[in-house]
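Biologist: Hi, could you walk me through this one? I'd like to start with the overall fold and then look at a few residues.

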Amino acid sequence: MKDIAAKVTANEKLYDGAYLLTLASAEDIPECAAGQFAMVEVPLGDRILRRPFGIVEAGGNTCTFLYQVKGAGTEALSGLRYGDGVRVTLPLGNGFPTFSGKVAVVGGGFGVAPLLSAARACKAAGAEVRIYNGFATAERIMLTGLFAEAGKLTVCTDDGSTGFRGFPTAALEADIAAGWTPDVILCCGPSPLMRVVKKLGEERGIVTYLSLEQRMGCGIGACLTCTCKVAGHNKRVCKDGPVFISTEVQP
């Protein structure tokens with residue numbers, strides 16, 4: 001974990017409320033494991049708490065984050081321009097293990113952010129990676145080009161405006177019915193999606209990992225804001241997670 005000073009090199013608007021933020025630092029970015037996250041400074045003087053973002057890409061002296069405008073803090077972030085200074089602490093938390101074999105990556109909405117590095121790591125380890133990313137509609141699809149390079153990508157939309165119509169789990173189940181059963185499932189997304197993935201994986205005996213999303217204060221386990229129940233005990237999503245094996249948690 002390291003706190004670094006960085007400058008904005010890009011803050012791309014993907015659609016209303018969705019942004020891809022790229023930061024560069026004069027010093028090298030620490031090595032980040034797949035699925036870890038960062039705490040990014042908010043450019044508001046009265047907002048001292050940073051915001052947790054999944055790391056899309058990190059390497060050399062740059063790092064990239066996908067974020068959604070949901071309140072005053074992220075609204076302020078959306079106003080950052082080239083050259084603006086931001087402090088960021090990374091990497092934080094425990095990420096996804098890397099697997100070979102057959103790996104299914106299932107994401108939904110902004111939850112796809114930490115899955116890109118997971119898919120890439122598994123592909124580099126020799127895995128056959130199939131990716132199922134779900135979005136509300138064609139206008140809200142994100143990072144398609146990058147994911148297509150990391151595995152066989154199936155884009156799913158709720159309204160069928162492009163790709164597979166329906167939940168990404170339905171596309172995965174179609175592949176399973178056709179004879180392709182993954183050894184492991186890696187998932188991040190809205191709670192309804194993760195609950196379906198948990199049920200699918202556990203009913204079929206497929207090892208499943210979920211990356212939980214919780215409100216966080218500090219990102220290092222001190223404030224206990226993000227406490228969740230894991231196997232009957234309280235654990236911190238930021239420090240003990242955000243990635244947990246599905247049998248331990250209820251998303």
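Biologist: In what order do the six strands close into a barrel?

Modeller: The order is E1-E2-E5-E4-E3-E6, with antiparallel pairing. Strands are DSSP runs of at least two residues, numbered from the N terminus, and two of them pair if DSSP finds at least two bridges between them. This is a predicted model, where local features need pLDDT of at least 70, side-chain atom pairs count only at pLDDT 80 or more, and totals for chains, interfaces and linings use all residues. Residues are numbered from 1 along each chain as its sequence is written, and side-chain values use heavy atoms, leaving out hydrogens and water.

Biologist: How many bridges join E2 to E5?

Modeller: Seven, with E2 covering residues 18–25. Leucine 23 stands opposite cysteine 63 in E5.

Biologist: Nice. Is threonine 64 buried or exposed?

Modeller: Threonine 64 is buried, because its relative accessible area is 8%; buried means under 20%, exposed over 50%, and partly exposed in between, using a 1.4 Å probe and protein chains only. Threonine 64 sits in strand E5, residues 62–68.

Biologist: Which residues does threonine 64 touch?

Modeller: Setting aside residues up to four places away in sequence, they are Leu20, Leu21, Thr22, Gly54, Ile55, Val56 and Glu57. Contact here means heavy atoms within 4.5 Å.

Biologist: Switching topic, where is leucine 14?

Modeller: Leucine 14 is in strand E1, residues 2–15, and is partly exposed at 29% relative accessibility.

Biologist: And which residues does leucine 14 touch?

Modeller: Tyr19, Leu20, Leu66 and Met142, again not counting residues up to four places away in sequence.

Definitions and conventions: Helices (H or I, at least four residues) and strands (E, at least two) are DSSP runs, numbered from the N terminus.
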